[in-house]
Amino acid sequence: MSNSNKDILDNIKRLRELTGVGFKDCKVALDESKGDIEKSIEFLRKKGIAKASKKMNRTASEGLVLVKENQGEVSIIEVNSETDFVAKNKDFISFCKELSDINFSTKGNLDKLNNSKMGNNILVKDNLVNLIAKIGEKITIRRASFFDNKNGTNFFYVHSSIEENIGKIISIVKIDGISKGKNDNIGAKVSMHIAASNPLAINKDGVSKEIIDKELEIIKAEIVNSGKPKEMAEKISKGKISKFINDNTLLNQIWIMDPKKKVSDILKENKIDKEVKILDFVRYKVGEGV
């Protein structure tokens, strides 16, 4: 093999490693750019953007949720694909794992994450375009959060795990009043409860007025449509909205491990040095609400 042919093949190999694009497209890009790697990447990005833009009106409701923990701090990120088949793709999983590491560093800030460089020295947002062009599906970095290690202890739970810290549902909870080795086992149980019961907020104060008003509207309409008079609908709706709030606020929910108790009861039972309080939580389920 001549040196010139070897150089061409080496450049194609390098360009493929940098972009993840196929052999033929890399050769065309290098020919168009007269062998310049940077210009070839730009050429492929433009081509990738053109391919990707046709896919962006599709629905991406599959994918993965990933969590990362270090020194008591925890980050979480959801990355969506169109199909579960792609969610099991090695390139997609590898991309998501690196995003999870970057997300921890950028503390859940998606703007910073998208403009961060990945291991191949290309920005996240550009690698995303390249991955869309390579895989042929819409892929979106949907949402991210970060829990610092101040004013409480963080716990998380991974449901439907495909690998360590990767799954379809992940919940994180920050709890105050935890004494290491004494009552810290309650943290994992509360995070598991959150994954299973999907609360909207810690208590009534955390449920937005818009949600309550919308639910009231639905409840009243159901009562009236059942044939009951409007005056009765007002009275019945008060009881039903109270039940809705209890069912959807963490402290008032029935404890998944003991139907005779509420979450608030469990927290009281686990008091050691001071009151056990839930300060914050988040629950990500792949594709929920998409």
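In β6, N154 has K174 as its bridge partner. Strand β6 (residues 169–176) is joined to β4 by seven bridges, and the two run antiparallel. The model is predicted; local features require pLDDT of at least 70, side-chain atom pairs count only at pLDDT 80 or more, and totals for chains, interfaces and linings use all residues. Residues are numbered from 1 along each chain as its sequence is written, and side-chain values use heavy atoms, without hydrogens and water.

Strands of a sheet pair through backbone hydrogen bonds, in parallel or antiparallel fashion. Here, three strands form an open sheet in the order β4-β6-β7, with antiparallel pairing. Pairing requires at least two DSSP bridges between two strands. Strands (E, at least two residues) and helices (H or I, at least four) are DSSP runs, numbered from the N terminus. The edges are held by β4 (153–159) and β7 (277–285); each has a single partner strand, so one side of each lacks a neighbour in the sheet. From one strand to the next, the twist averages 15°. Helix α8 (residues 185–197) lies across β4, β6 and β7 and runs at about 135° to β6. Axes are lines fitted to C-alpha atoms, for helices over the stretch in contact; angles between N-to-C directions run from 0 to 180 degrees. Contact means heavy atoms within 4.5 Å.

A helix pair was also examined. The axes of α9 (residues 209–225) and α10 (residues 230–248) come within 9 Å and cross at roughly 135°. That makes α9 oblique to α10 (under 35 degrees is roughly parallel, over 145 roughly antiparallel, 65 to 115 roughly perpendicular, the rest oblique). The crossing of α9 and α10 is right-handed, meaning that the near helix is turned clockwise from the far one by less than a right angle. From α9, the contact residues include I211, L216, I219 and I223. Those from α10 include A233, I236, F244 and I245.

Most residues other than glycine have a negative phi. N121, not a glycine, has a positive phi of about 70°. N121 sits in the loop between α6 (110–114) and α7 (124–135). N121 is exposed, at 53% relative accessible area. N165 also has a positive phi, near 65°. N165 is placed in the loop between β4 and β5 (166–167). With 23% relative accessibility, N165 is partly exposed (buried is under 20%, exposed over 50%, partly exposed in between; 1.4 Å probe, protein chains only).
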